[in-house]
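I opened the notebook today to look up a few things in one model. Here is the structure, and below it are my entries.

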Amino acid sequence: MSVVYKKSPVLTDAPMHYCPGCGHGIIHKLVAETLVELDVVGKTIFVASVGCSALAYNYFKLDMVQSPHGRALAVATGVKRALPNHVVFTYQGDGDLAAIGTAETIHAAARGEKLSVVFVNNAIYGMTGGQMAPTTMPGQVTQTSPYGRSTETAGYPVRVCEMLATLDGVAYAERVAVDTVPHIRKAKAAIKKAFSNQLAGRGFSIVEVLSQCPTNWALPPLQAIEWLKENMIPYYPLGVFKDTAAEGGE
């Protein structure tokens, strides 16, 4: 019998700790498949953040560095500058990248560091119990916004791709989602583009992935997918916000 599908050789056999219906497992799969297809597994360094993906080192057969909370891009900058011929990427959530790590994110992007970033946006703090995050949408209920996020007291959400696309050092910024098969395929293509940019010596590349968090949204997995479609995608539209290669830049 022929094998039609098998797990990526970059992934270990360790059972993942993610909640049922969470998108992290899908995104891990896309990253692993991309690295194999680009034939860069042996020269890739994964800089892990703090958040739901903090244990990602258990799931990938890659050289890994665990960074302090919010400092993944600072650590990745040092690694890439020390080992410029390696592929270096971070995998970060919205609290890590857009809250405690805001400065690291903006300045790594502004400097045009030749890094690839996989940014998982589920509009909430997942690991620590469901608090309001920088990407929590107006009116969204969380543990720390039980009546819904008030823009008057908490301000507005941060639209990361739109913000970073204004910086000259950013080569590529795209927002994707993992709610449907067609969207998952587009997400993989975006992740592959972000890594390909690094191999081509282009600047900072970020792929924002809208993902489900059924546990902290207090929804069953299938309803969480529908919630993402009906609420997150309208507020955080999918698409390419900057692509200097397509625009004829370096």
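Is E33 buried or exposed? I found E33 buried, at a relative accessible area of 15%; buried means under 20%, exposed over 50% and partly exposed in between, with a 1.4 Å probe and protein chains only.

**Ground rules.** I am working on a predicted model, where local features need pLDDT of at least 70 and side-chain atom pairs count only at pLDDT 80 or more, while totals for chains, interfaces and linings use all residues. Residues are numbered from 1 along each chain as its sequence is written, and side-chain values use heavy atoms, with hydrogens and water left out.

**Entry: the E33 partner.** I looked up the salt bridges (a side-chain nitrogen of Lys or Arg within 4 Å of a carboxyl oxygen of Asp or Glu) and the structure holds 12. One of them joins the side chains of E33 and K188 at 3.0 Å, N to O. E33 sits in helix α1 (residues 24-37) and K188 in helix α7 (residues 181-199), so this pair ties together parts 155 residues apart in sequence. Helices here are DSSP runs (H or I, at least four residues), as are strands (E, at least two), numbered from the N terminus. K188 is buried too, with a relative accessible area of 18%.

**Entry: a second link.** E37 and K192 also meet through their side chains in a salt bridge, 3.0 Å from N to O. This pair again links helix α1, with E37, to helix α7, with K192, 155 residues apart. I noted E37 as partly exposed at 43% and K192 as partly exposed at 30%.

**Entry: strand to helix.** The R175 and E162 side chains form a salt bridge at 2.5 Å, N to O. R175 belongs to strand β5 (residues 170-177) and E162 to helix α6 (residues 160-164), so the pair ties together parts 13 residues apart in sequence. R175 is buried at 1% relative accessibility, whereas E162 is partly exposed at 23%. I also saw that salt bridges with shared partners join K29, E33, E37, K188 and K192 into one network.

**Entry: the whole chain.** I counted nine helices and seven strands. Buried residues make up 50% of the 250 residues. Along its principal axes the C-alpha trace spans about 50 × 50 × 35 Å.

**Entry: a loop.** V141 lies in the loop between β4 (116-121) and α5 (151-154). Its C-alpha is 9.5 Å from that of G130, 11 residues away in sequence.
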